[in-house]
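User: I am meeting this model for the first time and would like to get to know it. Could you take me through it in questions and answers?

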Amino acid sequence: MILAWLLIVLLAGAALSWLVSRWSSQASRWIALAALAVDFALVVFLWARHPISPSLDPTVLAEINWRWIPQIGASFHLAADGLSLILVTLTLFLGGAAVAASWTEIRHRVGFFHFNLLLTLAGIIGVFTALDLFLFYFFWELMLVPMYFLIILWGHENRVRAGLKFFIFTQASGLLMLVSILALYFLYAEGGGVYSFDYRELLQVAVERKPHAVWLMLGFFAAFAVKLPVVPLHVWLPDAHTEAPTAGSVILSGLMLKTGAYGFLRFLVPFFPGIAAEFMTAAFVLAVVGILYGAALAFAQTDLKRYVAFSSVSHMGFILLGIAAWNELALQGVVIVILAHGLSTSALFILVGALQERIHTRDLGVMGGLWDVLPKMGGAGTFFALASLGLPGLANFVGEFLVLLGTYQVNPTLAILSALGLVFSAVYSLWLVQRAFHGSVIRQWDLPRTSIREMTVFGLFMAGLIWIGLFPQPVFRAAGPALEALRAGTAKKSQRDSHRDSAAAVPDPVAEDRLPPAKAFQ
């Protein structure tokens, strides 16, 4: 029931926050923060009640399976293993940070803003926990609409164009995934089963022996690659990040991109292990191109937000690289990169938002000497830039180093090329700190000091990056069983499907005695 309550609390908080905003904008903010705090407490309780260890079955941490639309075989099936629970925890933490970062930035339609923010977070949690593909697609689409409103209603100058580009790319790719989901749905029934969207049942489909299996895999790939994003499907991301409000950028970079990574791990490779293995070389090349291309464009930016956006493209390339390698070291590194990127990049977006509130510009060309007037913010910016470049002792270094080690076992050449991304990230990160906080003073700044609220948020991000960087073992223990189950499951499916005949299923001689599909679950 806890998984259901996570969604109920967020939805109730969203509605209540919107309702009370008619009387008090401040109350709306506190209600949104309280809803996230309650959810975070529920997740802590779930961690405490189910201590994670390698001996536990990763599927029994929490699970509910309720009848929903039995006529079509759809159920309200949520489950959380160690991997899902890590991502849910990250979602709630970054959600709270997004609310805190927007405390003074959002001044109009405050209630509707928090309504959309909490609705987006509910959709993201649903994506991370849904084990029914119909429900998964429902949550996948649910998080898009409120994010679109966050961009076009509270964004910056070109917000409408950026919002439309975001919606078109994500919606179109999502529809391609829906086609693939429906194909799996009908193939499962064709094989002798009843119609079902259940994840575990659909894994039994010998889809790789079917005609057009590659196209089915590409339907999933399109949705997840756009979200990750994979170059050249990344073109919506810089504009969306640049024009979104601070909270929108935090949710986009820290969470929504991670739904693409989660989709690769949980759905694409387990459903299509053989085709994914054949696609490995192309995935490696796309990952390396993304790492180097994102780094090069980050260095070329003068808009502080676009710099962070393109650096995000570069770092997300390491996630695709680790998934393509698909070995223990690489997948452990992927989980750490997901967490590290979520913390460091989100913190940088919050920093950029705080600076823009004060100086009303993101142009690096008019910055300089900010350390003298905002030393605490300068120190925080330097810390997060060092985290982003992969300083040893911080989380990004652990994750990207493990990904490179795992990739080296599979393809040494591409691992070496990918390592150049770490070199480039050091260059553009230090260049950013120099341009924004040091150098000659271009203006005589007279700015408000960094508030206690802002320093508390920065401090929590710093603590998370240091903790994961120095003590990553708890994350390995939490995610390890789930990752091992995914690897073992793909290996078994590959072996099973390789022995199956590629011909269609043998017709059932008593098929006429079966119930029609619409009545199979009645």
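User: What relative accessibility does Arg-200 have?

Analyst: Arg-200 counts as partly exposed. Buried means under 20% relative accessible area, exposed means over 50%, and partly exposed is in between (1.4 Å probe, protein chains only). Arg-200 therefore belongs to the class in between, with a relative accessibility of 32%.

User: Which pLDDT do local features need in this model?

Analyst: Residues are numbered from 1 along each chain as its sequence is written, and side-chain values use heavy atoms, with hydrogens and water left out. This is a predicted model in which totals for chains, interfaces and linings use all residues, side-chain atom pairs count only at pLDDT 80 or more, and local features need pLDDT of at least 70.

User: Arg-200 and Glu-63 are in distant parts of the chain, so how many residues apart are they?

Analyst: A salt bridge is a side-chain nitrogen of Lys or Arg within 4 Å of a carboxyl oxygen of Asp or Glu. Helices (H or I, at least four residues) and strands (E, at least two) are DSSP runs, numbered from the N terminus. Arg-200 and Glu-63 meet through their side chains in a salt bridge of 2.9 Å, N to O. Arg-200 is in helix H8 (residues 199–202) and Glu-63 in strand S1, so the pair links positions 137 residues apart.

User: Which residue is the bridge partner of Asn-65 in S2?

Analyst: Strands S1 (residues 62–69) and S2 (residues 74–80) pair in the antiparallel sense over seven bridges; two strands pair if DSSP finds at least two bridges between them. They form a hairpin with four residues between them, and Gly-73 in the turn has a positive phi of about 80°. The partner of Asn-65 in S2 is His-77.

User: Which residue forms a salt bridge with Asp-239, and how many residues apart in sequence are the parts it ties together?

Analyst: The side chains of Asp-239 and Arg-306 meet in a salt bridge of 3.1 Å, N to O. Asp-239 lies in helix H10 (residues 236–243) and Arg-306 in helix H14 (residues 304–325), so the pair ties together parts that are 67 residues apart in sequence. Asp-239 is buried, at 14% relative accessible area, whereas Arg-306 counts as partly exposed at 22%. To put the two values asked for together, the partner and the separation are Arg-306 and 67 residues.

User: How many residues of H15 are buried?

Analyst: H15 (residues 328–359) has 32 residues and reaches 46 Å from its first C-alpha to its last, close to the 46 Å expected at 1.5 Å a residue. That expected span is 1.5 Å times one less than the number of residues. Just after H15, His-360 takes a positive phi of about 60°. H15 is mostly covered, and its buried residues number 29.

User: Which residues does Glu-357 touch?

Analyst: Glu-357 is found in helix H15 and is partly exposed, with a relative accessible area of 28%. Contact means heavy atoms within 4.5 Å. Not counting residues up to four places away in sequence, Glu-357 touches Ala-101, Thr-104 and Glu-105.

User: What relative accessibility does Ser-388 have?

Analyst: Ser-388 lies in helix H17 (residues 375–388). Leaving aside residues up to four places away in sequence, it touches His-315, Leu-348, Asn-396, Ser-425 and Ser-429. Ser-388 counts as buried because its relative accessibility is 2%.

User: Which elements do the buried residues of H2 pack against?

Analyst: Helix H2 (residues 25–49) has 25 residues and reaches 37 Å, close to the 36 Å expected. Its buried residues include Ile-31, Leu-36 and Val-43. They pack against helix H1 (2–20), S1, helix H3 (82–101) and helix H4 (110–129).
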